[in-house]
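Here's a structure to look over together.

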Amino acid sequence: MADHYFSAEPTSADVRRTVEARIWGREYTFTTATGVFSRDRLDLGTSVLLREVAPPTGGGTILDLGTGYGPIACALAVEAPDAQIWAVDVNTRALELTAENAKAAGVAKRVHPALVDDVPADLRFDQIWSNPAIHIGKPELHKMLLHWLARLAPDGVGWFVVGKNLGADSLQRWLTDQGYPCERIASAKGFRVLRVTATNAGPAPS
Ligand SMILES: C[S@@+](CC[C@H](N)C(=O)[O-])C[C@H]1O[C@@H](n2cnc3c(N)ncnc32)[C@H](O)[C@@H]1O
């Protein structure tokens, strides 16, 4: 079967290339590869998210949910020098690239690439950042979001970017209905940027 970017272990040849990106005023050169999401450039949705939301500058524990080759995780770690960033994905090649990119950006000690089940169960997140994998389908997407939102600290916040044509508005309503108030804070280039809070947080993490 052909690889999807969310394949656990891509079977395609691991052909590397580099991508230049400017994030929050800084230049990055990321290594990407076949079998990983948006290997040819910083994804447009990701770039909308990073343009519309100011970076955190303090400490805390932050989750990059669906890190891909790690552009969000690396940029967060650079901007927030006291923060610990958990960069989660299901794709092992993506996690290898995230580790390399974190090293290249000088933030490898604070970026923790991890498979979903390897994140310590007692960790709580002050922020969640994500360009979530909408293509995994609604049931999986909802399961994934509820799993991680339950780990938001009580005053935590989630920042998500979702394509308008990929159900951003219905996802916004669904999140609010689940007890995670969700507001649209920006709309650009066909994407919505959503802010989710932990007020009335749902069930405790399992
Ligand atoms: C839209 S891509 C975004 C990648 C990266 N953050 C970026 O901006 O380029 C979504 C990522 O989520 C990952 N993913 C898919 N299912 C997942 C799951 N259940 N848990 C965590 N990550 C998942 C995919 O492998 C993919 O790398």
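**A walk through the chain**

Guide: There are five helices and nine strands in this chain, where helices (H or I, at least four residues) and strands (E, at least two) are DSSP runs numbered from the N terminus. It's a predicted model, so local features need pLDDT of at least 70 and side-chain atom pairs 80 or more, while totals for chains, interfaces and linings use all residues. Residues are numbered from 1 along each chain as its sequence is written.

Visitor: What pLDDT does the chain average?
Guide: pLDDT is the predictor's confidence in each residue, from 0 to 100. Here 93% of the residues score at least 70, and the chain's average is 93.

Visitor: Is α2 roughly parallel or roughly antiparallel to α3?
Guide: The axes (lines fitted to C-alpha atoms over the stretch in contact, with angles from 0 to 180 degrees between N-to-C directions) of α2, residues 71-79, and α3, residues 92-104, come within 9 Å and cross at roughly 30°. Angles under 35 degrees count as roughly parallel, over 145 as roughly antiparallel, 65 to 115 as roughly perpendicular and the rest as oblique. So α2 and α3 are roughly parallel.

Visitor: Which residues in α3 do Ala73, Cys74 and Ala77 meet?
Guide: Contact means C-beta atoms, placed from the backbone, within 7 Å. Ala73, Cys74 and Ala77 belong to α2, and in α3 they meet Thr98, Asn101 and Ala102.

Definitions and conventions: Contact = placed C-beta atoms within 7 Å.
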